[in-house]
Amino acid sequence: MTLKQVVDNVAAMPASKKAVVDIKDLSLTFQTADGPVYALSEVDLTIEEGDFVSFIGPSGCGKTTLLRVIADLEKATGGEISINGVSPEAAREARAYGYVFQAPALLPWRSIERNVTLPLEIMDLSKEERIKRAHDALKLVELNGFEKKFPWQLSGGMQQRASIARALSFDADLLLMDEPFGALDEIVRDHLNEQLLKLWARTNKTVAFVTHSIPEAVYLSSKIVVMSPRPGRIIDVIETKFPKDRTLDIRETPEFLEIAHRVREGLRAGHGHDE
Amino acid sequence: MTQVKLDKFCLVGAVAALLALIFPLAGIDGDTGKQVAFVGDIPGLASAMALCVIAGAAFTWIGVRTIFHAFIILAVAVFGAWQAIDALYDYGVAGYASTGFWLFIISLWAFVWRAIDVIANYHSLETVKQQSANIIVPIAFGVWLLFVWEVVVSGFGVPQVLLPPPSMIGVRFVSSTDTMMADFYQTFVKAALSGYVMGCGSAFLVAIAVDRVPFLKRGLLPLGNMVSALPIIGVAPIMVMWFGFDWQSKAAVIVIMTFFPMLVNTVTGLNAAGKLEKDLMATYASGYWSTLFRLRLPAAMPFVFNALKINSTLALIGAIVAEFFGTPIVGMGFRISTEVGRMNIDMVWAEIALAALAGTAFYGAVAYVERKATSWHPSFRVRRH
């Protein structure tokens, strides 16, 4: 990719986009028996429509907590947060996002198809509609043909793909992913990253993605949020200028290495506060 | 020269059968002062012993290597057992069995042991063959135990009041089918089943209420614990006073017995769903009842079935014991308590056998439903590709 292409890409972007997630001065303190734990403090962040935002940082930096606050699985203790202009709770009630957990969390008594139709069932869709959508979602993650299998009959990577299909099935515009490929080996991970990118390019969804892998963050994201622990806060936000239809080859380019270097520097600086 | 490994069980069988031919078969009749019977007088038994010697010697040498060999020695043992029973009853050995007879039983034991051992280790990829082998093992073992019971009781002449032989129990069982059916209907169908359904059903509903209303968990669980600790023989007469002599009082006793295991297991089961799965349901904005039916109850099923299995045996025990404290003149517990008084021990044993059959069948039925309902659980999973 030439520099000109990069510039063209930037130029092609619309000037102002709708903010999907808007966070101002957010903090979260857990009260524990050993005193308060400051999980998040002074977090300011805007995620725009069509962004692929990665949260990266050492364990304990609050990146998962931040994602859970966005998903209304944790409540912030200070600051403001809005999802699509409404509170996280209202957004959750409106099924505004699909969440992919670290583990597949497939229900073992349901077949893959019925696992994918679970959210659709809760949303009271008709049976034909459910089957059709499950079929489409499974096709997106290349799992068609495995509808009638049970989760334990699939490999770990396939199970995680099924859980992504489940998050995609009800077509929410926001996708929250909490280290979805953390437990998978490098090769499967690369493959799933590629698939995820294709999906993002095709559907124009907004993705928030937690990871602790620098190459993964740089490869996938349009925006990288570097976080540091105790208290969890944002220390750097890096925009990448790669096109949406990037391939694994960009990992060899100088731009890629430069961004990876900046992320690493950020992580090191954030870590330095502890020593 | 190749190493030859002798089959020890067949060796024991052959030697014991050979000695059985030599040692006296039966003791001396007190009245006549003569030996009751000789092997030579009983051609069937003599031929069976000889067959055991030959088959035992042959298989000692070649070994019981295939399932076919196992069935041959099993057939030899069955023929021997038949001849031994014949000798006991048709040739008057019953009550006078001596060294020769018992040596023959030891010989048969060795053959049956070896045969069952080989059949139990049989592996086949053909489901039908494998399943038949799996069924033959417990049946052969059970029949063998009944045979040993029969020959020991008859051979030593154990008084029937102490322990009747199984054949006598069987005869009594078959000849009093009408009484037994009436007892079964009264105790099992009316009392045990209705008590089981009411006890398990109400405990299940209360468990959901306990789950929904937190203060019930603190208030009701200890109370349920206390009720389950009440002695059944203290509760049963009170229940008879409250609910009358008929099956209703027995059902009440069973409700008390089965309530707590079901309650505790269901409450535990409702908490079995993982945090991750609960978060998942929260992201779908799934309400309490939706999460209950789609996640928590399915996850609780292994616990619920555990309680259903425990209670299936408790219910029958409860019904029988409760009948000791007042009942119309029908019922398994009533029959046992009256026939003991009349020294009809064979009838008592027939009722015990009926209770064992009914209890096993009931447990088996619940276990079968469990297998079908929770086939996803790791303990039942079958890999299907």
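This is a predicted model: local features need pLDDT of at least 70, side-chain atom pairs count only at pLDDT 80 or more; totals for chains, interfaces and linings use all residues.
The leading contributor is H1(B), which provides six residues. One further member, B:Phe23, sits in the loop that runs between H1 and H2 of chain B. The relative accessible area of B:Phe23 is 37%, so this residue counts as partly exposed, and a patch member needs over 30%.

In soluble globular proteins, nonpolar side chains tend to be buried together. Here, the largest nonpolar core holds 50 residues, and the members touching the most others are A:Ile23, A:Phe55 and A:Leu176. With residues up to four places away in sequence left aside, the neighbours touched by A:Ile23 are A:Val43, A:Asp44, A:Leu45, A:Leu66, A:Ile70, A:Glu80 and A:Ile81. Another core, of 46 residues, lies apart from the largest one and includes B:Ala17, B:Ala55, B:Val64 and B:Ala115.

The two chains also meet each other. At their interface, 24 residues of chain A make contact with 23 residues of chain B. Together the chains bury about 2300 Å², and carbon and sulfur atoms account for 65% of that area. On the chain A side, the trio A:Trp109, A:Ile122 and A:Trp152 stands out: these residues supply 31% of the area that chain A buries against chain B, more than any other three residues. Charged pairs are present too, with two salt bridges counted between chain A and chain B. A:Glu121 pairs with B:Arg294 in a salt bridge whose closest N and O atoms are 2.8 Å apart; the cut-off for such a pair is 4 Å.

A last stop in chain A is A:Ser87, found in the loop that links strand S4 (78–83) to helix H3 (88–93). With a relative accessible area of 36%, A:Ser87 is partly exposed, because that class spans the range between 20% and 50%. Between A:Ser87 and A:Pro229 there are 142 residues of separation in sequence, and the C-alpha to C-alpha distance is 26 Å.

Notes: Residues are numbered from 1 along each chain as its sequence is written. Chains are lettered from A and ligands numbered from 1 in the order in which they are written. Side-chain values use heavy atoms; hydrogens and water are left out. Helices (H or I, at least four residues) and strands (E, at least two) are DSSP runs, numbered from the N terminus. Buried means under 20% relative accessible area, exposed over 50%, partly exposed in between (1.4 Å probe, protein chains only). A nonpolar core is a set of buried Ala, Val, Leu, Ile, Met, Phe, Trp, Tyr and Cys residues joined through side-chain atoms within 4.5 Å. Contact means heavy atoms within 4.5 Å. Buried area is the accessible area (1.4 Å probe) that two parts lose on being put together, summed over both. A salt bridge is a side-chain nitrogen of Lys or Arg within 4 Å of a carboxyl oxygen of Asp or Glu.
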